[in-house]
Structures are given as C-alpha cells and as structure tokens.
Amino acid sequence: MREFDVIVVGAGFSGLYLLYRLRKLGLSARALERADDVGGTWWWNRYPGARCDVESMQYSYSFSEELQQDWEWSELFSAQPEILDYARHVADRFDLRRDIQFDTTVSSAHWDDDERRWRLETEAGEVFSARHCIMATGCLSTARVPDFEGVDSYQGPTYHTGWWPHEGVDFSGKTVGIIGTGSSAIQAIPVIAEEAGHLTVFQRTPNYSIPSRNGPMTDDYARSWKDGYAESRQAARHTRNGVLARLNPQSAMAAGEAERQAIYEERWREGGTYFMASFGDLATNQASNDTAAEFVREQIRTTVEDPETAELLAADGYPIGTKRICVDTDYFETFNRENVTLVDVSEQPIERITSEGLRTGGRDYTFDAIVFATGFDAMTGTLDAIDIRGHEGRALKAKWEEGPRTYLGLMSEGFPNLYMITGPGSPSVLSNMMVSIEQHVDWVTDAFAHLEANGLETMEPSLEAEDAWVAHNSEVGNTTLYPKAASWYMGANIPGKPRIFLPYIGGVGAYRERCDEIAAKGYEGFELGGGEAEQRKAS
C-alpha cells in the first residue's frame, strides 16, 4: 500500500491545478489517470472538428501570470490538438508529471472509519491510502455506450466521438452514417462530410446552433486581453457564467420588434454563445425565449436550401439554450452538399444495427463505417463507475439512486474527506469550466490549509446543510426554463437516470460569494473533527 496525504483521481485541467496547489501546501499527492497522458476530456475527445466553445483567451488558467502572458493561441476558438498541447505544456512547465501515474483506472475508493483514511484500489490491483481523496474526474468524461439492438453485429468499423482513435480516421470516399446531432456531432459532421463519399446523418432531436465565426488569433486581440488580464479575470469570476461578454440586461419583450431583430442580427454576425446574452431574460421568460428561438429557426431556413430539410433542422419543442447551446462552423451549410443526407428518426426510431448498417422506418441503410455521437453520462457517470463507499461501507451510488446529493457540489454527507471538483450542484457545465475549476481547487486546498492549521483531520457536510443546498439548487433551477427540455442537464439522455437538474444555475459569481462566506464562517455547514482538536476536546 502506497500512502499519500492526497490522492487525486484524474489529470485533466482540475487534476493539474490541484497538484500545483497541493505541492505549494507541502502535502504529498499522487494523481491517478486512466489515460496515458494529461488533458482529461481533451485527451479523449479527438473527433474531427473538436473545438472549445469558449474563446481561447478566456478558456485558460489564470493562476500564473507568466503562463498566461507567454502562451500563444493560434485561433479565437481553440481546436482540441492545441488545447491538449496547452495541458501538456502546463504539466511540463510546472514539473507535474512526477506526481502523476498514467494508465491507471481507479476501481474503488473506500473510507476506513478507524484509520480515517481513504483506501483506493485500481483495476490492476494496486492499493493507495490517503487522508483526502479528490475526484477530478470531469463532467463529460464517460461516453454513453450505444444501446441499440444488434450493436455488436455490425461488420464494419464503428467510432464514438468520446473515444476517437488517436491516429485519426480516414473517411475518404466512404459511405458513413452518424447517429446524433448534439454538440460533438455538430462539430464533426462538416469535417466528415468534406472527406466522405456520402454522409447520412440520423437525427432524433434537432439542436440550436450559432456560428462560431472562428478565425486566426491576431496579435492585437491577444494583446488586448494580456494587457488587462488581472482585471478581466477578476471580473469574469463574478459574472453569471464565468465569461466576459456584453450582456444586455433588457427584456426581449421590452424591445420593439425592429430593435429586437437588429440586436439578434448583430449577435448572429458576431457569433458564439454570446448570442444568448442578447437579452437578460432568455433563460427565464418563455415569451422572450420564443423570439430568440424563432430568429435562429429563420436563419436555418435561410441557410438550408431544401425547405423540408430546413424544417427538420429547425429546433422546436423546447426553449433555446435549455439544451447545451452549440456553436459551429458551417454546420447548417453542410446540408446543402450533394453528398449529405438527413434522416429524421424522431417518430420512427432506429430499429436495430445490422451487419451492414442500420434499419429505421422499415428501410435498411448500408455503410462502410458508423459514427456514434451519442453523448455522455454527464456529471455522475464517472463517479458511478467507481465503487465509492463512505461511513460504515455506505455506497455513494446507492445514496444517489434518486439523484445526486451534495453540499455546494463539493462534498456529500457521509463521505468525509471526499471532494468533487465541479461536481453536481455546482455551476460546472453551465460555466467557463476553467473559472469554475480554479475556484473549486482554490476552495478545497484552502480548506486543507485550515484543517492543518487547526490540527483537524476530517471534514464532511452535515445532512441539514446538504438537504438545504439540494433544495436550493432545485428551487433556483425551477425558476428558469431549463427543466422544460429533456437534456443531459436533467439526466434525460440516460435511460433510468433520475430527472434532476444537475448543475447549479444561480450564477458563478453568486456561487463564489456563497462559498467564500461559508469558509469565512469557519466552514459553516461542515463538520470538522479528528486529530489534535478532538484529542484536546476528549481530555
């Protein structure tokens, strides 16, 4: 058994920054990573067109002034290879690899009540012991396995956007079927269409998507950020979603029709997810949201030449933004290509995968290759895959059977010294992940410093605090339009998963203030104990 102060599960952007902070505290730490390199989601998701939907100058670490001044991004919205290079650069620059064990999958994490330590075991049978265990496993790191009948009968190659071959795939001249039109598919479809002899897209639910308007990073634009990074970063930490953008606080219904149309057109030309900042009430006012949704549908109808295809692509039936808003490069334009066909499977679902392709609507399709863009078991899937047990052997999966229960998205009652970075009940996937990652890592490592300074060993939330936070998270979520969509935010993409709004939508800034207030009050709602303090109390 190898012993450490802290075990970190995962070496993505959360795990890397954790190692940096833990080393500053003088704590021994080891990160266990199932991949063979750093990068997390950007190591796994190498599908064609994979790209971040937050601008490069904001989707980056802020903890090192030298790092953010030295690193040069090549595009406004960075592609996966460049983001992975950035993660590798950070690992090398701060000599973090010596505290990472790669090709290591954690199978179990059990709390020992007597020893007051976590015992982790890997699939290879290695055992680790630590005072603290931090799950830096990511929110979108467990791809959803396709559950179609006959999925193993197909004789050709299949690919999942979440497990893309690192050597890439050549689709030149091939007939390809892709199942899904979510964020990954919207990025991949235009790129695959340029290679394939013919691409058939199977769509169950159309998605709203905004052109990214991506382009090369100019020196002037990069310098405009770097010259004011300190102020910009601080401001971003107190925004709603951790991104600096021009937010129009006006209600869409308060604007005249001509003014409203002009604002939408300006935002559409600018591109990116900033479109959702056109008006301040698009997430809470159905009438306002309807105006934005109809504007986007009209753009699709204008872009896609075939009226029938355009209507199939024009999302309807749920408010815009309540499923993850997508950004794209020529997605809708791709359906004007002669080698691209859209098949609607909303009313006639895919019946089965066959040896040569798939069957839907009573028709057989044959393909040289099939791509599954079927998404992820978001936020809880990776934690569910690990046998995590707390006090008296209580399983976290059993506790979360009716939905995840956390305090601040950071910890769960009954599981002392177990921390989740950007876990369910925190802003996480509704925010610029880099901002939320740094906030969580700083909070957790500051808590460690507090425990050390006060001779304490254990920390866990009280049941009362957890209950109150779960209720608050649900209440805030229900003030918005988000629960109206069957989205992965609600766990709706996984059969049998409880329908609960998983992230916290109260805002990155408000959430930060609440976390800071709790820490300032001696970690209000947490039970701290053990160590020298407990011995003094007993005597």
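Which residue in E14 does Ile350 stand opposite? Ile350 stands opposite Thr360, and that pair is the first stop of this tour.

**Before you start**

This is a predicted model, in which local features need pLDDT of at least 70 and side-chain atom pairs count only at pLDDT 80 or more, while totals for chains, interfaces and linings use all residues. Residues are numbered from 1 along each chain as its sequence is written, and side-chain values use heavy atoms, with hydrogens and water left out. The labels H and E stand for DSSP runs, numbered from the N terminus: helices (H or I) have at least four residues and strands (E) at least two.

**Stop 1: the three-stranded sheet**

Select strands E13, E14 and E15. They form an open sheet in the order E13-E14-E15, and the pairing is antiparallel. Strand E13 (350–353) and strand E15 (363–366) are the edge strands, each pairing on one side only. On average, neighbouring strands of this sheet are turned by 20° against each other, direction ignored. Such angles are taken between N-to-C directions and run from 0 to 180 degrees; the axes are lines fitted to C-alpha atoms, for helices over the stretch in contact.

Two strands count as paired if DSSP finds at least two bridges between them. E13 and E14 are joined by three bridges, and a hairpin connects them through three residues. Strand E14 (residues 357–360) pairs with E15 over four bridges in the antiparallel sense. Here, pick Arg359: the bridge partner of Arg359 is Asp364 in E15.

**Stop 2: the five-stranded sheet**

Next, select E7, E16, E8, E9 and E12. These five strands form an open sheet in the order E7-E16-E8-E9-E12, with parallel pairing. Strand E7 (158–160) and strand E12 (340–344) stand at the edges; each has a single partner strand, so one side of each is left without a neighbour in the sheet. Neighbouring strands of this sheet are turned by 20° against each other on average, direction ignored.

Strand E8 (residues 175–179) and strand E16 (residues 369–372) run parallel and are joined by four bridges. Gly177 stands opposite Ile370 in E16. Contact here means heavy atoms within 4.5 Å.

**Stop 3: helix H9**

Select residues 286–303. Helix H9 has 18 residues and reaches 26 Å from its first C-alpha to its last, close to the 26 Å expected at 1.5 Å a residue. The expected span is 1.5 Å times one less than the number of residues.

At the N-terminal end, Asn285 caps H9, with a side-chain oxygen 2.9 Å from the backbone nitrogen of Ala287. The buried residues of H9 include Phe295, Val296, Arg297 and Ile300. Buried means under 20% relative accessible area, exposed over 50%, and partly exposed in between (1.4 Å probe, protein chains only). Show what the buried residues of H9 pack against: strand E10 (209–211), helix H8 (257–270), helix H10 (307–313) and helix H11 (331–334).

**Stop 4: helix H15**

Which residues of H15 are buried? Select residues 463–477 and colour Ala465, Glu466, Trp469, Asn473, Val476 and Gly477, which are the buried ones. They cover an arc of only 100° around the axis, which puts them on the same side of H15. The arc is that of the directions from the helix axis to the C-beta atoms.

The face turned away from the buried side of H15 carries the exposed residues Glu464 and Glu475. Helix H13 (396–399), strand E19 (458–461) and helix H16 (508–520) are among what covers the buried residues of H15.

**Stop 5: Arg21**

Go to helix H1 (residues 13–25) and pick Arg21. Arg21 is buried, with a relative accessible area of 17%. Its side chain makes a polar contact with the side chain of Asp442 (2.5 Å), and another of 3.2 Å joins the side chains of Arg21 and Thr445. A polar contact is a pair of N or O atoms within 3.5 Å; within protein, one must be able to donate a hydrogen and the other to accept it, and residues adjacent in sequence count only if both atoms are side-chain atoms.

**Stop 6: two loop residues**

Most residues other than glycine have a negative phi. Arg116, in the loop between strand E4 (106–112) and strand E5 (117–122), has a positive phi near 55°. Arg116 is partly exposed, with a relative accessible area of 28%. Finally, select Asn417, in the loop between H13 and strand E18 (418–420). Phi of Asn417 is also positive, near 60°, and Asn417 is buried, with a relative accessible area of 0%.
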